Amino acid sequence: MDFPGYFLIVAEFIAWAKDNGVPVGPGRGSGAGSLVAYALGITNLDPLAYDLLFERFLNPERVSMPDFDVDFCMEGRDRVIGHVADLYGAGAVSQIVTYGTMAAKAVVRDVARVQGKPYGLADKLSKMIPFEVGMTLHKALEQEPTLKAFVEENEEVSEIMDMAFSLEGLVRNIGKHAGGVVIAPGQLTDFVPLVTDEQGALMTQFDKDDVERAGLVKFDFLGLRTLTIINWALEAINAQRAAQDELPLDIDAIPLDDDRVFGLLKRAETTAVFQLESRGMKELIKRLLPDSFEDIVALVALFRPGPLQSGMVDDFIDRKHGRATVTYPHPALEPILSNTYGVILYQEQVMQIAQVLAGYTLGGADLLRRAMGKKKPEEMAKQREIFLTGAAAQGIDGGIASPIFDLMEKFAGYGFNKSHSAAYALVSYQTAWLKHHYPAPFMAAVMSSDMQNTDKIVVFIEEARQMGLTLRPPDVNHGAYRFQA
């Protein structure tokens with residue numbers, strides 16, 4: 001697909017970050033399924049060991065740009081962007097604009113303010129509009145009879161709505177894309193118009209979609225607070241180890257089968273553990289009782305509205321603990337579904353089922369997965385025909401293949417990208433490992449990362465006490481900016 005240049009650019013700035021003390025995440029999104037990315041050091045998780053699929057990332061049958069989302073430590077992210085600007089030229093590198101539009105709730109408040117209407121009236125009107133993505137004023141009036149009645153009965157509200165209808169959807173302000181950075185082959189001004197933010201930094205005036213239509217490539221430089229926490233903890237740990245003439249700790253070399261770490265997880269002592277700290281997640285952990293790295297990968301994928309509401313989570317847990325029999329829709333699927341106790345949990349499993357049962361290429365299976373996700377009836381009818389024909393060629397009866405297709409279609413809607421789940425599960429495990437083996441440096445780093453947030457500090461202080469750590473008050477004789485262990 002002529003993408004070596006893209007891979008090498010990403011590999012270069014990741015290698016520079018690692019060489020210059022900027023922590024980099026193990027990968028995120030579908031890029032973790034690429035063996036070349038693993039070999040180049042772009043990702044840090046062996047895709048072969050976890051059945052991650054390259055075709056979930058790049059599909060030879062559907063040419064699209066590769067997209068590596070790269071997590072950097074919050075403190076060092078800007079240094080990496082600065083390095084890229086130095087390397088390729090300041091005029092060839094910029095961040096990307098985002099446009100804030102006057103959405104339904106905001107537009108009525110803005111109009112009311114400009115018209116001099118009472119704040120309480122605007123507030124009441126705004127709160128009557130349902131809070132959901134893609135909500136419009138027209139849709140709100142159809143869904144909410146009380147809103148419609150309020151508009152019809154109140155002349156001032158009617159005036160607000162008349163103007164709001166005209167202004168809804170217009171651009172209100174500009175912002176900066178959270179992670180998008182453009183690297184152009186020459187001067188950016190040859191490709192796109194530019195704008196500066198309030199600090200004078202360059203941004204493309206095209207948003208992320210228009211930038212790609214203009215022929216430029218977007219790279220995602222994302223900041224992840226947890227990487228900063230791990231880095232601060234390692235700095236403290238390695239200072240202690242150096243004082244005792246011990247080798248420095250390499251977080252990437254820790255064993256992924258430490259029973260004591262799984263003990264901490266089973267007790268749901270996961271406050272400050274990446275992705276596993278919410279109350280709902282703790283409840284799920286207590287029921288699931290993870291005892292392998294694969295179980296943490298599954299936790300990340302299961303804790304979403306779709307699986308939780310569909311009963312899939314209960315099925316998974318009952319099968320894991322032997323309260324329900326592990327069954328497979330077809331004997332050939334056992335190697336694919338054994339890690340998830342016969343439950344179709346990942347998008348990659350949907351692709352592998354199509355490959356094994358119906359002779360799909362993995363590229364074709366990725367197209368099937370996308371079609372199932374979009375749920376377009378005419379496309380699904382076409383795919384069903386391809387699947388049944390392919391299954392028949394493998395000697396599988398239509399009476400067996402058709403229910404399996406229905407099952408795949410059902411779970412494709414809930415299925416999660418295993419590449420992303422596995423990469424983030426690694427960060428979850430690393431934080432749990434640090435919390436168990438080096439509790440004081442880890443909690444000091446966690447508290448330092450949120451020291452402006454008093455509410456969180458209170459929670460972390462309580463957690464530290466539960467862990468048996470002693471908290472000393474500030475001392476001018478031993479002053480340091482961050483919490484110290």
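**View 1. Contacts that reach across the sequence.** Take the contacts (heavy atoms within 4.5 Å) in the protein chain between residues at least 6 apart in sequence: 70% of them join residues at least 24 apart. This is a predicted model, where local features need pLDDT of at least 70 and side-chain atom pairs count only at pLDDT 80 or more, while totals for chains, interfaces and linings use all residues. Residues are numbered from 1 along each chain as its sequence is written, and side-chain values use heavy atoms, with hydrogens and water left out.

**View 2. The elements of the chain.** You can look for 23 helices and six strands in the protein chain; these are DSSP runs, helices being H or I with at least four residues and strands E with at least two, numbered from the N terminus. The C-alpha trace spans about 80 × 70 × 50 Å along its principal axes.

View 3. Buried means under 20% relative accessible area, with a 1.4 Å probe and protein chains only; 47% of the 485 residues count as buried. The largest core has 90 residues, and I353, F387, M408, W433 and L434 have the most contacts inside it. Helix 21, residues 418-437, gives the most to this core, with ten residues.

**View 4. Around F387.** Beyond its neighbours within four places in sequence, F387 is in contact with A354, L357, A358, Y360, A401, I404, F405 and M408.

Note on methods. Buried means under 20% relative accessible area, exposed over 50%, partly exposed in between (1.4 Å probe, protein chains only). A nonpolar core is a set of buried Ala, Val, Leu, Ile, Met, Phe, Trp, Tyr and Cys residues joined through side-chain atoms within 4.5 Å.
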